[in-house]
Amino acid sequence: MLQTKLTTLQNKEELNNLIAQEEKVAVCCGRMGPMCIPVYGIFEVYEEKYPDIKFRNMDFDTPDADVIKLLPECRGFNGLPFTVYYRNGKVVKATTSIQSAKQIKDIIEEVFA
Amino acid sequence: MENNIHSHDLIIIGAGPAGLAAAIYTSRASLSTLVIDESMAGGQIKTTHQVANYPGFVDPIAGHELARNMRDQAARFGTQFELAAEITHLQLDGSEKIVTVDDTPYTTRNIIIATGSSPRLLNVPGEIEYKGSGVSYCATCDGEFFKDKDVTVIGGGNSAMEESLLLLQMVKSLTVIHQFDELQAEKITANKVLNNPKTKILWSHEPREFIKNNEKMLTLAENLKTKEIVKLESDGIFIFAGMVPNTGLVKNTPLQLSEYGYVVTNENMETNLNGVYAAGDVRVKKYRQITTAINDGTIAALNIIQKH
């Protein structure tokens with residue numbers, strides 16, 4: 001269970017519905033580990049700063065997390081978390097391992113501008 | 001009026017244990033306190049799996065939970081936070097200090113630098129490029145991706161050996177690359193790694209480049225005695241090369257740093273600049289623990305409260 005203030009996606013249907021309904025979505029798929037927790041924390045702060053973006057997380061160990069793990073954009077990733085940015089239902093960016101607030105901000109400005 | 005909105009009695013840069021301890025004290029003493037951090041609150045404890053030696057908790061507490069408790073405690077006393085924030089300008093000299101965050105200037109007469117320390121990067125080609133796709137800094141997080149595979153570990157200190165022990169439970173083989181002829185880690189941990197039949201060691205070598213070759217990682221390592229470059233192929237590389245102080249922000253200020261880049265303070269946590277304090281892992285000290293960081297933050301806060 002992910003102990004964060006973010007809304008956790010419970011299954012792939014929730015993710016598919018979200019990216020179908022919302023233009024800008026960012027999903028951090030990980031565990032409660034050292035590389036993941038900072039990204040969740042930054043997402044929590046950015047939820048307030050960027051209200052037009054839907055920030056979510058997803059438990060890496062839930063079977064439905066394959067919807068993230070098996071993305072072609074995540075091929076070769078072997079560092080948690082896998083973070084995926086969707087715009088209009090399509091993957092526009094994916095990152096592996098920890099990212100700083102500045103790196104996430106730069107990605108947001110790049111793909112969601 | 002605009003200036004009043006952004007003026008505080010104290011600005012703390014860094015939301016780790018030192019900064020949060022100081023914030024709890026100063027906020028509780030009714031000093032308007034702003035804590036700024038480039039990430040979320042908690043410093044290194046937020047990424048610590050479990051904390052077992054912090055007094056007051058009979059059972060180990062998850063690091064992220066302890067971090068959240070500290071932040072919420074400070075917030076309860078009125079501390080304001082600017083988290084995931086980028087400091088674009090910092091003026092430490094003069095009586096009025098200025099910290100500019102995302103183009104918004106904040107002024108104060110007292111600053112505590114509590115920016116902590118971070119894992120040291122090797123700064124060799126391939127390190128950043130392959131982070132998460134061949135290069136890792138966390139065995140707990142990424143070890144399982146290398147189950148029954150060959151991994152390379154860079155480093156010979158306590159972190160490197162503790163993480164190696166974890167990896168040895170999963171991997172087929174583990175090769176340690178270390179710059180010296182002996183490990184710096186505590187003997188009991190180091191011996192467990194050395195005595196494991198899966199372990200190999202390259203003594204007196206330093207990595208010079210990491211290259212991705214299809215699914216494999218190549219490490220080019222220099223023998224520091226013969227200068228010969230050897231190529232080591234593995235499935236993944238784990239780097240544990242010690243810590244460095246987070247003092248990049250103050251590099252171009254008159255703040256006095258040690259030869260290793262740590263902030264120099266006296267026993268009151270005062271730096272060479274009037275009104276500027278340092279606390280926690282970022283300052284020159286012998287022991288870097290959560291408890292000693294809390295100690296530093298408390299002392300800095302009490303000095304500021306007394307002078308206010």
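Biologist: Which residues are exposed on the other side of H1(A)?

Modeller: Ala20(A) and Gln21(A) are exposed there; exposed means over 50% relative accessible area, buried under 20% and partly exposed in between, with a 1.4 Å probe and protein chains only. Please note that this is a predicted model, in which local features need pLDDT of at least 70 and side-chain atom pairs count only at pLDDT 80 or more, while totals for chains, interfaces and linings use all residues. Residues are numbered from 1 along each chain as its sequence is written, chains are lettered from A and ligands numbered from 1 in the order in which they are written, and side-chain values use heavy atoms, with hydrogens and water left out.

Biologist: And which residues of that helix are buried?

Modeller: Helix H1 of chain A covers residues 12-21, and Leu15(A), Leu18(A) and Ile19(A) are buried in it. Seen down the axis of H1(A), the buried residues fall within an arc of 90°, so they line one face of the helix. The arc is taken over the directions from the helix axis to the C-beta atoms. Helices (H or I, at least four residues) and strands (E, at least two) are DSSP runs, numbered from the N terminus.

Biologist: What do the buried residues of H1(A) pack against?

Modeller: They pack against strands E1 (7-9), E2 (24-30), E3 (54-59) and E4 (82-87) and helix H3 (66-69), which belong to chain A. Contact here means heavy atoms within 4.5 Å.

Biologist: Changing topic: how many residues does each chain bring to the contact?

Modeller: Chain A brings 31 residues and chain B brings 26 residues. The two chains bury about 2300 Å² between them, 55% of it on carbon and sulfur atoms. Buried area is the accessible area (1.4 Å probe) that two parts lose on being put together, summed over both. Pro34(A), Ile37(A) and Asn78(A) supply 25% of the area that chain A buries against chain B, more than any other three residues.

Biologist: How many salt bridges are there between chain A and chain B?

Modeller: There are five between chain A and chain B, and the count over all chains comes to 20. The rule asks for a side-chain nitrogen of Lys or Arg within 4 Å of a carboxyl oxygen of Asp or Glu. One pair is Arg68(B) with Glu44(A), whose closest N and O atoms are 3.4 Å apart.

Biologist: Which residue forms a salt bridge with Lys105(A)?

Modeller: Glu86(B) does, with the closest N and O atoms 3.9 Å apart. Lys105(A) lies in helix H4 of chain A and Glu86(B) in the loop between strand E6 (80-82) and strand E7 (87-91) of chain B, so the pair joins two chains. Glu86(B) counts as partly exposed, at 29% relative accessibility.

Biologist: What about chain B: where does Lys172(B) sit, and where is Asp150(B)?

Modeller: The side chains of Lys172(B) and Asp150(B) meet in a salt bridge (3.9 Å, N to O). The pair links distant parts of the chain, 22 residues apart: Lys172(B) is in the loop between helix H5 (158-168) and strand E14 (173-177), and Asp150(B) is in strand E13 (residues 150-154). Lys172(B) counts as exposed at 52% relative accessibility, whereas Asp150(B) is buried, with a relative accessible area of 19%.

Biologist: Which residues are joined into one network by salt bridges that share partners?

Modeller: Lys49(A), Lys105(A), Glu86(B) and Asp102(B) are joined in that way.
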